[in-house]
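I opened the notebook to look up helix packing, then the pocket, then some backbone angles. My notes follow the order in which I looked.

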Amino acid sequence: ALFLFVVIVAMPQAQLRIGQVKGIVSAPLPSFGKAAGWGAALLVLVALLAGGMSESNLLLVGTAATYAIVMLSLVLLTGYGGHVSLAQLTFAGVGALVYAKIDEPNLYGLLVSAVVAAGVGALVALPVLRLTGLYLALSTLAFGVIMDKMIFQADFAFGFNGTLDADRLSILGRSIDSTGGYVVAMTVFLVLVAWGLLLLRRGVIGRMLIAMRDSPAACGTLGLDMRWFRVGLFGMSAGIAGLAGALFAGLRGTIGGADFQYFNSLPLLLLAVVFGVTSVTGAVLGGVGLMLLPVLSSGDPQLGGLLFAIIGFGAVFAGRDPNGLA
């Protein structure tokens, strides 16, 4: 992994001009009223489900919310910015590790976890500023392997096949002890992050992101410094993933490096693209789909096969409409 990372970064830039993300047509932005309505509907649905579901099923709903928040980080990075990352679950693992280590199960602990993950994401972006497309994806995959083998399995982190305890989140001094209440709280964070991304997309930064994604050369002629903007983009995306990891740690109570295996970032990116990596709706649907994938495959092979067929046809469909099924 170290060899792969060093070689990709050291290769001459003239050989790295293929595989750029181009030609993505942005999904229509919903109005403020529609976004607020769908967000409230999602909260009501999860609240109703939380009142009548078993503990195991509630954990699955919380897992889906975790995946959805991580996919929202891909909406920012890939859907808006046009950059591919295969280390988003690694950034989620950083957030979970920090949350468990600092032992601050409150909003301050969530903030610190997200900020540390954002800092790690920015550091990863620094040596790969000039990489795009396939080479950028490979470099982030190499980073995920390095983090898994050298950091997550170290004694000062999770340890080899080890775990750490994490307490449930408390908000303004009130602890959320029930799993149903915690899942509702996770959904609140999911909706807030989605609204934040939509607000960012409507503003100046959002228009700059789309412009940089569609034509880096045109942005260069306008005098925009894309390098540090890209570092900030990676940092913000990693921070969102770190927030998801911290919330997931509180949901599970016991967390380990095995929960954030780097190769799971591959199906994460696949489902994000198939369901719609340019829209927050696609991220929510993708999170549910990624949660259902192993559940249906083990419990009902026919339904699991149907979900695989939807993903396969969706991948083909994405060639005609990059906005995905959403």
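At what angle do H2 and H7 pack, and how far apart are their axes? Before answering, I noted the ground rules. This is a predicted model, where local features need pLDDT of at least 70, side-chain atom pairs count only at pLDDT 80 or more, and totals for chains, interfaces and linings use all residues. Residues are numbered from 1 along each chain as its sequence is written, and side-chain values use heavy atoms, with hydrogens and water left out.

**Entry: H2 and H7**

I found an angle of about 170° for H2 and H7, with their axes 9 Å apart. Axes are lines fitted to C-alpha atoms, for helices over the stretch in contact, and angles run from 0 to 180 degrees between N-to-C directions. H2 and H7 are therefore roughly antiparallel to each other. I noted the classes: under 35 degrees is roughly parallel, over 145 roughly antiparallel, 65 to 115 roughly perpendicular, and the rest oblique. H2 spans 32-52 and H7 spans 179-202. Helices (H or I, at least four residues) and strands (E, at least two) are DSSP runs, numbered from the N terminus.

Next I looked up the contact, meaning heavy atoms within 4.5 Å. On the H2 side I listed residues including Phe32, Gly39, Leu42 and Ala50; on the H7 side, Gly180, Thr187, Trp195 and Arg202 are among them. The residues of this H2 and H7 contact divide into 16 nonpolar, three polar and one charged. Ala, Val, Leu, Ile, Met, Phe, Trp, Tyr, Cys and Pro count as nonpolar, Asp, Glu, Lys and Arg as charged, and the others, Gly among them, as polar.

**Entry: H7 and H8**

I then followed H7 to H8, residues 204-214. They pack at an angle of about 75°, with their axes 4 Å apart. That makes H7 roughly perpendicular to H8. Leu200, Arg201 and Arg202 of H7 make the contact with residues of H8, including Val204, Arg207 and Ile210. By class, I noted five nonpolar, one polar and three charged residues in the contact of H7 with H8.

**Entry: H4 and H6**

The axes of H4 and H6 come within 9 Å and cross at roughly 30°. That makes H4 roughly parallel to H6. I listed Thr90, Phe91, Gly93 and Val94 of H4 against Phe143, Gly144, Met147 and Phe152 of H6. The residues of this H4 and H6 contact divide into five nonpolar, three polar and no charged.

**Entry: the largest pocket**

How much space lies in the largest pocket? I noted about 970 Å³. On a 1 Å grid over the protein atoms alone, a pocket is an open set of points where a 1.4 Å probe fits, with protein on both sides within 12 Å along at least five of seven lines; lining residues have an atom within 4 Å of a point. A volume is the space filled by probe spheres set on the points, which are joined across faces, edges and corners.

Of the 39 lining residues, Trp38, Leu42, Val280, Thr281 and Val284 are the closest to the centre of the largest pocket. H2, H3, H7 and H12 each supply at least two residues of the lining. H2 gives the most, with nine residues. The lining divides into 29 nonpolar, eight polar and two charged residues.

**Entry: positive phi**

Asp103 has a positive phi of about 55° although it is not a glycine. I placed Asp103 in the loop between H4 and H5.
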